[in-house]
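Have the viewer ready and follow along as we go.

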Amino acid sequence: MLDEAIAEYHGLLNSSAGVGEELFARLRAAMAARRLLYGEREIGVALRPHLLTRADYDRLAHASEAVAGAFEKLGAAMLEDPALMARVGMTEREREVALVHPGYECLSVNARLDAFMTRGGVKFVEYNAENPSSLPDQAGLNEVLFEVPALQEFAERYRLWQPDPTAALLASIVETYREWGGRGLPNVAIVDWAGLPTEHEFHLLRTYFASRGVPTIVCAPGELEYDGRHLRRGAFRIDVVYKRVIIHELLSLCDDAHPLLRAYRDRAACFANSLRCKMVHKKAAFELLTDGEIARRFTPAEAEVIAAAVPWTRRFFERRTTRDGREVDLVEHVRARREEFVLKPNDDYGGTAVTLGPRAAASEWDAAIEAGLAGDYVVQELVELRAEEFPVFGESDWGIQPMYVDTNPFLFRNRVEGALVRLSLSPVVNVTSGGGETGLFVVEERLD
């Protein structure tokens with residue numbers, strides 16, 4: 001049904017009057033008004049949302065929740081045996097704060113799995129266990145896309161359902177706050193560095209939280225004060241820190257006397273996410289999902305999904321390891337088979353320093369290997385990707401264009417609600433690296 005529905009949508013676009021400069025300008029203005037921006041750039045690039053069948057969405061949710069459950073068990077294993085933290089590249093200071101109990105049990109209140117839906121099913125390539133970006137984008141872009149006449153007509157022909165990640169985020173924060181020991185509705189501070197290109201979404205979340213009776217501010221770490229009892233920004237007492245600041249950046253720029261870190265250690269505020277989420281945020285945690293000793297903790301359903309959906313991943317250094325049941329010299333194996341692998345930093349974001357073997361010359365691959373050995377990298381088996389046709393618009397025209405698409409489910413206390421959908425001409429699909437986004441609808445049934 002889905003291929004036919006997409007073809008029908010593209011037919012509606014081709015036959016619609018007024019698909020031109022005036023509509024494109026209206027879409028850009030609507031994105032700007034709704035703060036659907038990365039810095040000053042509008043994030044939407046397509047004239048249709050990403051469409052999934054109910055079966056596809058449920059399959060993605062099931063696999064995501066199984067992997068998230070396995071990561072919870074992996075985190076528990078690390079807390080029982082902190083030596084495991086070194087295997088994923090945790091620094092000494094990261095290990096110290098990870099051992100501080102946050103006051104609740106869930107490892108990640110809000111996370112995102114970066115995933116590709118392939119012919120063979122779902123493939124996961126990263127776990128954003130620190131509070132991920134772009135959470136309000138899906139609903140906002142869906143709303144903007146209803147400016148397109150083709151979507152209005154399509155919605156008269158098909159029953160469409162959309163998830164609500166922002167509502168799920170607020171519910172998960174309140175649930176965590178109450179588990180932590182709070183009562184009623186909390187005062188929330190969304191905390192990250194000032195002037196970031198992602199700051200628009202902080203203000204969207206603040207507006208949404210406040211509209212639901214949850215007082216919320218946006219502030220930077222340097223604006224906080226802690227008197228030994230309460231964390232504050234000026235007169236605003238903070239019950240929950242919605243921590244958007246990246247942990248390794250916080251620890252590198254702030255010492256243990258910083259109000260944020262003191263309040264965390266004293267459990268003077270509920271932090272969502274806690275600082276122990278870094279254990280499974282490291283990309284090398286994918287390797288431990290297939291560690292035999294730890295895998296014994298997983299349910300049969302979790303083990304089945306991991307075997308099917310998690311690509312072979314290894315922390316990259318001079319070592320011997322196994323692949324496909326045989327022992328190999330890791331560095332030489334990766335050097336000789338560059339078309340099968342991607343090299344990327346163990347703990348970075350935005351597609352920084354990612355090298356795809358098939359797109360690199362032999363000399364470039366050798367340079368990436370040397371950079372990987374000098375730094376902290378992982379090597380991962382490439383996921384076979386296929387481009388999907390999307391109607392992409394520019395300043396004055398539009399056209400059907402093959403785009404790489406990732407469908408990245410959001411998890412709230414390990415339950416899926418919605419996804420970030422990114423589009424790119426490059427297989428490194430990332431908004432920071434110049435890609436765009438689109439909305440998401442689940443096609444339930446045809447109405448006529």
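At 18% relative accessibility, does Asn414 count as buried or exposed? Asn414 counts as buried because its relative accessibility is 18%, where buried means under 20% relative accessible area, exposed over 50% and partly exposed in between, with a 1.4 Å probe and protein chains only. You will find Asn414 in the loop between strand 21 (398-412) and strand 22 (415-424). Helices here are DSSP runs of H or I with at least four residues, strands are runs of E with at least two, and both are numbered from the N terminus.

A word on what you are looking at. This is a predicted model, in which local features need pLDDT of at least 70, side-chain atom pairs count only at pLDDT 80 or more, and totals for chains, interfaces and linings use all residues. Residues are numbered from 1 along each chain as its sequence is written, and side-chain values use heavy atoms, with hydrogens and water left out.

Now for the backbone of Asn414. Its phi is near 70°, a positive value in a residue other than glycine. Most residues other than glycine have a negative phi, and most peptide bonds are trans. Arg35 also has a positive phi, near 60°, and is not a glycine. Look for Arg35 in the loop between helix 2 (21-33) and strand 1 (37-38). Arg35 counts as partly exposed because its relative accessibility is 32%. For a cis peptide bond, turn to the link between Ala272 and Asn273, where omega is about 5°. Asn273 sits in the loop between strand 13 (270-272) and helix 12 (278-281).

Let's step back to the chain. It has 17 helices and 24 strands. Its C-alpha atoms fill a box of roughly 60 × 60 × 40 Å, taken along the principal axes. A compact globule of 448 residues would have a radius of gyration near 22 Å, and the chain agrees, with 22 Å; this radius is taken over C-alpha atoms, and the globule rule is 2.2 Å times the number of residues to the power 0.38. Of the 448 residues, 57% are buried. The accessible surface comes to about 18,100 Å², with 48% of it belonging to carbon and sulfur atoms; such areas come from the Shrake-Rupley method with a 1.4 Å probe, and for residues only the protein chains shown count as cover. Among contacts between residues at least 6 apart in sequence, 72% join residues at least 24 apart, where contact means heavy atoms within 4.5 Å.

Tyr158 gives an example of sequence separation set beside distance in space. Tyr158 and Glu444 are 286 residues apart in sequence, yet 7.2 Å apart in space, C-alpha to C-alpha. Tyr158 is in strand 6 (residues 158-161) and is buried, with a relative accessible area of 3%. Leaving out residues up to four places away in sequence, Tyr158 touches Ala5, Glu8, Val443, Glu445, Arg446 and Leu447.

Val383 and Glu395 are 12 residues apart along the chain, while their C-alpha atoms are separated by 33 Å. Val383 lies in the loop between strand 19 (377-381) and strand 20 (388-393), and is buried at a relative accessible area of 16%. Not counting residues up to four places away in sequence, its contacts are Phe116, Thr118, Lys123, Val125 and Pro311.

His10, in helix 1 (residues 2-15), counts as buried at 9% relative accessibility. With residues up to four places away in sequence set aside, His10 touches Arg48, Glu389, Pro391 and Ile400. Arg323, found in strand 15 (residues 320-323), is buried with a relative accessible area of 6%. Beyond its neighbours within four places in sequence, Arg323 is in contact with Trp312, His333, Arg337, Glu340, Phe341 and Glu381.

We finish with a pair of helices. Helix 3 (residues 54-80) and helix 15 (residues 300-309) pack at an angle of about 110°, with their axes 9 Å apart. That makes helix 3 roughly perpendicular to helix 15. Axes are lines fitted to C-alpha atoms, for helices over the stretch in contact, and angles run from 0 to 180 degrees between N-to-C directions; under 35 degrees counts as roughly parallel, over 145 as roughly antiparallel, 65 to 115 as roughly perpendicular and the rest as oblique. From helix 3, His62, Ala63, Ala66, Val67, Gly69, Ala70 and Lys73 meet Ala301, Glu302, Val305 and Ile306 of helix 15.
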